[in-house]
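Here is a short tour for a reader new to this structure. Keep the sequence and the 3D view at hand while reading.

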Amino acid sequence: MSRFPTGAATPAAIIDALKAVAGDPPKVRASFAKGRCVRGTYAASDRAVEITKSRSFTRPSRVLARFSVGGGDPEMADTDNFVLRGFSFRLGGDGHRSDILVQSAPVHFARTLDQMLAYLRVRMPGPGGKPDMRKVRPFSATNPETLHQASYIAAHPPPRSFADIVYWGVHAFPATNAKGETRFIKFKVVPVGAEVAQTKDEVKAKSVDFLHDDLETRIAAGDVRFNVMALLDCPGDPTMDVTVRWPDEDHREAIRLGTIVITGIEADEVCDVSIFDPANLADGIGHPPDEIFAARSEAYAISLAKRR
Ligand code: HEM
């Protein structure tokens with residue numbers, strides 16, 4: 001039974017809109033439809049315990065993960081510079097698993113579910129197969145925060161590899177340590193080694209699957225590694241608005257919780273049989289308080305039911 005009143009921007013309505021924007025391809029994820037399942041390991045840092053008592057983050061474990069390209073179209077070209085890249089991972093052992101989903105921008109494109117639904121509806125393709133810019137432009141003018149994500153992507157050069165991207169958890173997560181101290185953190189997942197971006201022209205010359213094709217070589221070379229960082233909150237941070245960054249976020253104190261090493265490609269079915277569920281968090285990392293987060297778990301379950 002949904003917690004959302006009938007007629008409101010429910011998770012189901014948002015899934016329908018995501019599917020419609022993507023042209024309704026059957027049996028695929030409503031979002032981040034194109035991707036590759038991988039496996040790896042997580043090793044905790046000594047300092048993780050200062051931030052969280054979560055057994056997912058303070059102990060070593062195996063990792064199931066998936067790299068992806070945003071949008072609901074499984075044929076999306078990896079050379080498209082204006083879509084998000086995603087990275088979902090599950091860490092922790094039996095009884096204390098956590099699913100963390102991060103993307104290549106530090107903000108979401110809508111502050112509320114109503115705004116998210118409206119954003120998607122104005123982008124539904126018209127008879128020509130493209131969104132009607134006469135609807136998109138006035139919506140953007142009156143909802144300028146819905147462009148923050150696209151502006152961030154446009155301002156950053158396209159990635160050369162899934163292994164070169166800085167990924168963000170976007171929401172403010174309450175983290176509690178063994179002393180019972182709770183504070184908000186944001187997840188930032190940073191490649192180990194330099195982030196090497198390429199120019200737009202270099203990307204154009206690549207194949208439509210280059211990000212996916214590159215993974216195997218990178219994994220064999222042992223250089224798909226990420227530090228999982230916790231950015232620490234300050235008083236007054238906007239913890240309810242996922243369209244804005246925290247003030248001075250790039251210079252925040254950050255603690256390394258641990259390091260993920262991707263060690264192999266998994267059969268895609270292993271990731272496809274279930275969802276990476278944002279609400280699946282072991283004790284020590286709580287649910288972010290914003291309304292976008294509250295809708296995600298139900299939305300992912302609906303998407304799973306539709307793609308089965
Ligand atoms: C209300 C807001 C959101 C909705 C309704 C939504 C919806 C979805 C749906 C339906 C899927 C496909 C699930 C499946 O079939 O397995 C998905 C996947 C994903 N979402 Fe979201 N999403 C939202 C916000 C976000 C945010 C803020 C982030 C970034 C932190 C994010 C990152 C991802 C990633 C990385 C995937 C790929 C999961 C995978 O690899 O299986 N989403 N999203």
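The report below covers the ligand site, a strand pair, the disulfide and a few single residues.

This is a predicted model, in which local features need pLDDT of at least 70 and side-chain atom pairs count only at pLDDT 80 or more, while totals for chains, interfaces and linings use all residues. Residues are numbered from 1 along each chain as its sequence is written, and side-chain values use heavy atoms, with hydrogens and water left out.

**The ligand and its shell**

The ligand is surrounded by 28 residues. A residue is near a molecule or strand if one of its heavy atoms lies within 4 Å of it. R66, S88, Y300, S303 and R307 are the closest. Sorted by class, the shell holds 16 nonpolar, eight polar and four charged residues. Here Ala, Val, Leu, Ile, Met, Phe, Trp, Tyr, Cys and Pro count as nonpolar; Asp, Glu, Lys and Arg are charged; the others, Gly among them, are polar.

| Side chain | Ligand atom | Distance |
|---|---|---|
| R29 | oxygen | 2.8 Å |
| Y300 | nitrogen | 2.8 Å |
| S303 | oxygen | 2.6 Å |

Helices (H or I, at least four residues) and strands (E, at least two) are DSSP runs, numbered from the N terminus. The largest share, seven residues, comes from α10. Y300 lies in this helix, α10.

Which protein atom is a donor of the iron atom of the ligand? Y300 (OH) is the only protein donor, at 2.0 Å. Donors are N, O and S atoms within 2.8 Å of the metal (3.2 Å for Na, K and Ca); water is not among the atoms, so sites may look incomplete.

**Strands β3 and β4**

β3 and β4 run antiparallel and are joined by six bridges. Two strands pair if DSSP finds at least two bridges between them. G86 stands opposite Q103 in β4. Six residues lie between the strands of this hairpin, where G92 takes a positive phi near 100°.

Is β4 buried or exposed? Six of its six residues are buried, so β4 is largely enclosed by the rest of the structure. Buried means under 20% relative accessible area, exposed over 50%, and partly exposed in between (1.4 Å probe, protein chains only). S98, I100 and V102 point one way, while D99, L101 and Q103 point the other.

**The disulfide**

The whole structure has one disulfide (a pair of cysteine sulfur atoms within 2.5 Å). It joins C37 to C271, S to S 2.0 Å. C37 sits in strand β1 (residues 34-44) and C271 in helix α9 (residues 268-272), 234 residues apart. The link is right-handed, with 75° about the S-S bond. Both cysteines, C37 and C271, are buried.

**Single residues**

K27 and F32 lie in the loop between α1 and β1. Phi of K27 is positive, near 60°, and F32 has a positive phi of about 50°. K27 is exposed at 55% relative accessibility, whereas F32 is buried at 18%.

Technical notes
Polar contact = N/O pair within 3.5 Å; in protein donor to acceptor, adjacent residues only side chain to side chain.
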